[in-house]
Amino acid sequence: MAARHFGLTDRGAVEPGLRADLVLVDGAPIADIRATRQIRRIWCGGTEHTPAGGR
């Protein structure tokens, strides 16, 4: 909803053709904040990047 509010039509959902800034972690960070240290995959502007440590 925030993307739509600001008129950002190329983001706001995880769908082909849209921009994506996502971080995939191994675990449930709401249940255990330490899960944020287990980064598995990163997408910035829709482009995948390798996490530090080369995982």
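The legends below describe close-up views of a predicted model.

Residues are numbered from 1 along each chain as its sequence is written. Local features need a pLDDT of at least 70 and side-chain atom pairs count only at pLDDT 80 or more, whereas totals for chains, interfaces and linings use all residues; side-chain values use heavy atoms, with hydrogens and water left out.

**View 1. Confidence along the protein.** The mean pLDDT (the predictor's confidence in each residue, from 0 to 100) is 85 for the protein, and 96% of the residues score at least 70. Strand 1 (residues 22-25) has the highest confidence, at 90, while helix 1 (residues 2-5) has the lowest, at a mean of 83. Helices (H or I, at least four residues) and strands (E, at least two) are DSSP runs numbered from the N terminus.

View 2. Three strands form an open sheet in the order 1-2-3, with antiparallel pairing. Strand 1 and strand 3 are the edge strands, each pairing on one side only. On average, neighbouring strands of this sheet are turned by 20 degrees against each other, direction ignored; axes are lines fitted to C-alpha atoms, for helices over the stretch in contact, and angles run from 0 to 180 degrees between N-to-C directions. Two strands count as paired if DSSP finds at least two bridges between them.

**View 3. Strand 1 against strand 2.** Four bridges join strand 1 and strand 2 (residues 39-44) in the antiparallel sense. V23 has I42 of strand 2 as its bridge partner, and L24 has R41 of strand 2.

View 4. Strand 2 and strand 3 (residues 47-49) are antiparallel and share three bridges. Opposite I42 stands H49 in strand 3; I42 is also the strand 2 partner of V23.

View 5. A3 lies in helix 1 and is buried, with a relative accessible area of 13%. Buried means under 20% relative accessible area, exposed over 50%, and partly exposed in between (1.4 Å probe, protein chains only). Not counting residues up to four places away in sequence, A3 touches L8, R11 and G12, where contact means heavy atoms within 4.5 Å. A3 and T47 are 44 residues apart in sequence, and their C-alpha atoms are 19 Å apart in space.
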